[in-house]
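Here are a few notes for a first look at this entry.

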Amino acid sequence: TETFGPSGYEDNVRAIVRNQVEPLADEIRVDALGNLIARRGPRKATKVTRKIMIAAHMDEIGVIVSHVDEKGFVRFSPIGSVFRRYVLGGRVRFLDGTPGVIGFDRLDNVNDLPTLDKVYIDVGATNPKDCPVRIGDVAAFDRSYTEFGNRLVAKSLDDRVGVLIAIETLRALKSTQHDVYFAFTTQEEVGIRGATTSAYGIDPDIGIALDVTPSGDTPSSLKMEMALGKGPCIKIQDVGMVADPRVVQWLVRAAEKNKIP
C-alpha cells in the first residue's frame, strides 16, 4: 500500500506484483498500457473449458502539478476521485520523494469546504526557481499503513487489497480446467482504462473484478447490506453496470457451499 502508484505511474507496483506472480504463472506479459497479465492453464493436456479473467487495479488516486505561483506554492489537478473533505492538511509525496503538505486559501467561513482550486501544496519553496517540482509532476497521498486490531488503514487499499487477493488466488490455484488470466490493471481511477483494454486483449468468457466498496455499518450511513468484517460482497448493480445474473448466482452458490458469509 505504501508503494507509489497513481494512475499512469504504476511501474513500481507492477514490479512488486511481477516478482510475486512470475514463478506461479504459465505465461506473463505486459501490454502497451502497462497492464500485467499472468495466465494459468490446465496442468495436463486437456481441452480448455473457458477463459476466465480476474482483474484488480494497481493504481491509486493522486495529484498532478498544474501551476507554481510566484511564492512557490503549488496548484494541482486531481488524478481520480480526490475528495475535498480528505485533502486539507493532508500530506503528499512526489515521485522523486519530495514531500508536501496541503493548505488552503483564506475562507470567509472557516467551516466551508474549499474547492480544489482554492487549495495548494506547500513544498517549502519561496519562489518558482527554488521549487523542487514542476508542472506535470505527480504525487500520491502520504499515509502510513496501520493496524487497529483486525482493522487495516492505508492510503491505497483501493485497490491493493484486490491485487493481494488476486495474487493469493493464483498462489492457491493448484489445478484448473480453464485458462485463468489474472490482470493487474492500470488507470482504473481515471476511467477503468486498463481493465477495458485487458478485456479486449484477453476476450474472456467470464470476467471478475476485485475492488473495494463502501459499507453500511457506520453512523448515519446509507442503508446497505455491506458491513466491515462480515465477508466479501458480490456486486449486483451500480451506476455503471448491471452484473450478469448468472455470474452473481454462481458466486452466491460458491459462497454458500464454502460457508463464506
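**Notes on the predicted model**

1. Setting aside its neighbours within four places in sequence, S221 is in contact with S215 and G216. The model is a predicted one. S221 sits in the loop that runs between β13 (206-209) and β14 (237-238).

2. Is S221 buried or exposed? The relative accessible area of S221 is 17%, and the cut-off for buried is under 20%, so S221 counts as buried. Its side chain reaches the backbone oxygen of G216 at 3.0 Å.

3. Q187 belongs to another loop, between β12 (179-185) and α4 (193-202). With a relative accessible area of 16%, Q187 is buried.

4. Which side chain does the side chain of Q187 meet in a polar contact? The partner is the side chain of R193, at 3.3 Å. Leaving aside neighbours within four places in sequence, Q187 is in contact with S7, G8, E10, L33, D59, I192 and R193.

5. On the helix pair: two packed helices are described by the angle between their axes and the distance between the axes. The axes of α1 (residues 11-21) and α3 (residues 157-172) come within 10 Å and cross at roughly 15°. Angles under 35 degrees count as roughly parallel, and α1 and α3 are therefore roughly parallel to each other. Their crossing is right-handed.

6. The contact is made by V13, V17, Q20 and V21 from α1, and by R160, V163, I167, L170 and R171 from α3. The residues of this contact of α1 with α3 divide into six nonpolar, one polar and two charged.

How values were computed
Residues are numbered from 1 along each chain as its sequence is written. This is a predicted model: local features need pLDDT of at least 70, side-chain atom pairs count only at pLDDT 80 or more; totals for chains, interfaces and linings use all residues. Side-chain values use heavy atoms; hydrogens and water are left out. Axes are lines fitted to C-alpha atoms, for helices over the stretch in contact, and angles run from 0 to 180 degrees between N-to-C directions. Helices (H or I, at least four residues) and strands (E, at least two) are DSSP runs, numbered from the N terminus. Angles under 35 degrees count as roughly parallel, over 145 as roughly antiparallel, 65 to 115 as roughly perpendicular and the rest as oblique. A crossing is left-handed if the near helix is turned anticlockwise from the far one by less than a right angle, and right-handed if clockwise. Contact means heavy atoms within 4.5 Å. Ala, Val, Leu, Ile, Met, Phe, Trp, Tyr, Cys and Pro count as nonpolar, Asp, Glu, Lys and Arg as charged, and the others, Gly among them, as polar. Buried means under 20% relative accessible area, exposed over 50%, partly exposed in between (1.4 Å probe, protein chains only). A polar contact is a pair of N or O atoms within 3.5 Å; within protein, one must be able to donate a hydrogen and the other to accept it, and residues adjacent in sequence count only if both atoms are side-chain atoms.
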